[in-house]
Every structure is written in C-alpha cells, then in structure tokens.
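User: I'd like to learn how to read the features of this fold step by step. Could you walk me through it?

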Amino acid sequence: MDPPQRPAARTGNRLKPEIAAFDFDGTLADTLPWFDGILDDVADRYGFRKPSAQERQQMRHCSAQDILKMLRVPFWKLPAIMIHVRQRMAEAGPGEVRLFDGIADSLAQVKRAGVRLAVVSSNSLDNVRRVLGPEVEPLFDDYECGTDMFGKPAKLKRLLTRHAVPPRQLVLVGDELRDIDAARQAGVRVGCVAWGYNHVDALRAGSPDALFLKVADIPAQLT
C-alpha cells in the first residue's frame, strides 16, 4: 500500500496567522555568500571535509543531516562549530551580511496588518539584532535565538506558550528543509522562501503550507 501523499506546496495561499516567526539566515538575511566564503577555513579548523563547487550546489538539495554526513561532521563537534561561526559573523564588517532587498518593507506591511512578528534562529540574538538594524529590529515582538542547530521545535513551543496562541495561528517562515521538519514537530504551519539555502525544488518536495517565490509574497500571503 502506498504511503499517503502530502499536499503540494501552494503559492498564493493566504495564511493569516496571529504570529509569523521568521528564520534569520537565508530567510531575512543574505548570509549564504558570507558563509560560503568562510566554509573552507572552518573545515580546516574543525577537521571536516571541504566540499567542491559542484557539491556545494548539490548540498542545496539535501537535508541538514545529509549535509553533515557528506562533510563527515560528527554531531559532537556541532556546538563548537556553531559558536565559532556566530563569532565570525559578529566580527564581519559592515555590509558583509545584510537583509535581502525588500525584506524591511515586507515585514512592515505584515506588522501593519496586525500580525505579531518573531525571529526563531540558531544564530545569536546580538547578530540578528545588528543585521536587522535600528529601523527593522523594533518591528519584532519576540526572539528565540541561539542554542543548537536542531532546536527550533522547542523554540516554537516556547513562543506558543508565551503568546497563548493555538499552533495553527503560528506560521514559521524559513528557507530550509529542517524548518519544515521543525514546524511539523511543533504542530505549526510553515511557509518556505525560494531565495535561501535549500533549492526551491527541494522545498517544494517537502510540501510546506506555502511557498514564497518572491519577497513581495510575504505580505501577500501572511495578511
């Protein structure tokens, strides 16, 4: 007997949540070029395999777990690697990491529609706030940042508890397959952006509740 099929990701789907929780890296901020530039150095420091240019493109179709296996990164090294990467980003010069074009305006539109905004990220709170900047940072009502690479389900559940909303009234907006997994574990809905780390074809195959093909789709589908 064939397993049940999940519905395909929908574009133009109106989600209208009470809370929109945004991933940071690859969703709000264009961090992939910066990370790509330091990856070989981090590999040397922590003794994992350097991917070729072709493999870097292939990795965009893979889950985080499969990427770790491909690069031969043991799970016990992840905390130290993530702390190091966060520190490197904290030392990045002005303009090395910036928001995607149009993100600030799209977030402002969602906020004006009465949706509460949050950031849910494994990046540090200081890095997130610094890149958001003084104009965008005040738009957010809550933050769940830091800790481990696979800690988003717990972060989402804490948001639900603090804001006293049912799971269906929170939408996680992210750019990776692990965001889809995290949302399902927390029982919330998920929308994926097409401009982040995982390739849009991989995200579509993961059947999120919505797919944002361009930045302007964020207010169009969240309000």
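**Reading the fold**

Analyst: Let's start with a helix pair: the axes of helix α1 (residues 32-46) and α4 come within 11 Å and cross at roughly 135°. That makes α1 oblique to α4, because angles under 35 degrees count as roughly parallel, over 145 as roughly antiparallel, 65 to 115 as roughly perpendicular and the rest as oblique. Axes here are lines fitted to C-alpha atoms, for helices over the stretch in contact, with angles from 0 to 180 degrees between N-to-C directions. Helices (H or I, at least four residues) and strands (E, at least two) are DSSP runs, numbered from the N terminus. Keep in mind that this is a predicted model, where local features need pLDDT of at least 70 and side-chain atom pairs count only at pLDDT 80 or more, while totals for chains, interfaces and linings use all residues. Residues are numbered from 1 along each chain as its sequence is written, and side-chain values use heavy atoms, with hydrogens and water left out.

User: Which residues of α1 and α4 meet?

Analyst: Contact means heavy atoms within 4.5 Å. Here Trp34, Phe35, Ile38, Asp41, Val42, Arg45 and Tyr46 in α1 meet Ala80, Ile81, His84, Val85, Arg88 and Met89 in α4.

User: Is His84 buried or exposed?

Analyst: Buried means under 20% relative accessible area, exposed over 50%, and partly exposed in between (1.4 Å probe, protein chains only). His84 has 8% relative accessibility, so it counts as buried. This residue sits in helix α4 (residues 78-90) and, not counting residues up to four places away in sequence, touches Val42, Arg45 and Tyr46.

User: What about Phe100, where is it found?

Analyst: Phe100 is in the loop between α4 and α5 (103-112), and at 15% relative accessibility it counts as buried. Leaving aside neighbours within four places in sequence, Phe100 is in contact with Gly26, Thr27, Leu28, Ala29, Asp30 and Trp195. The C-alpha atoms of Phe100 and Ala29 are separated by 5.6 Å, although the two residues are 71 apart along the chain.

User: Now the sheet. In what order do the strands come?

Analyst: Two strands pair if DSSP finds at least two bridges between them. In this model 6 strands form an open sheet with parallel pairing, in the order β3-β2-β1-β4-β5-β6. β3 (142-145) and β6 (210-212) stand at the edges with a single partner strand each, so one side of each has no neighbour in the sheet. On average, neighbouring strands of the sheet are turned by 20° against each other, direction ignored.

User: How many bridges join β1 to β2?

Analyst: 4 bridges join strand β1 (residues 19-22) to strand β2 (residues 116-121), and the two run parallel. Ile19 stands opposite Arg116 in β2.

User: And which residues cover the story for β3?

Analyst: Both faces of β3 are covered: Asp142 and Glu144 on one side are buried, and so are Tyr143 and Cys145 on the other. β2 and β3 pair in the parallel sense over 4 bridges, with Ala118 opposite Asp142 in β3. From β2 the chain crosses through helix α6 (residues 125-136) to β3, and this β-α-β crossover is right-handed. A crossover is right-handed if, with the strands pointing away from the viewer, the path from the first strand over the helix to the second runs clockwise.
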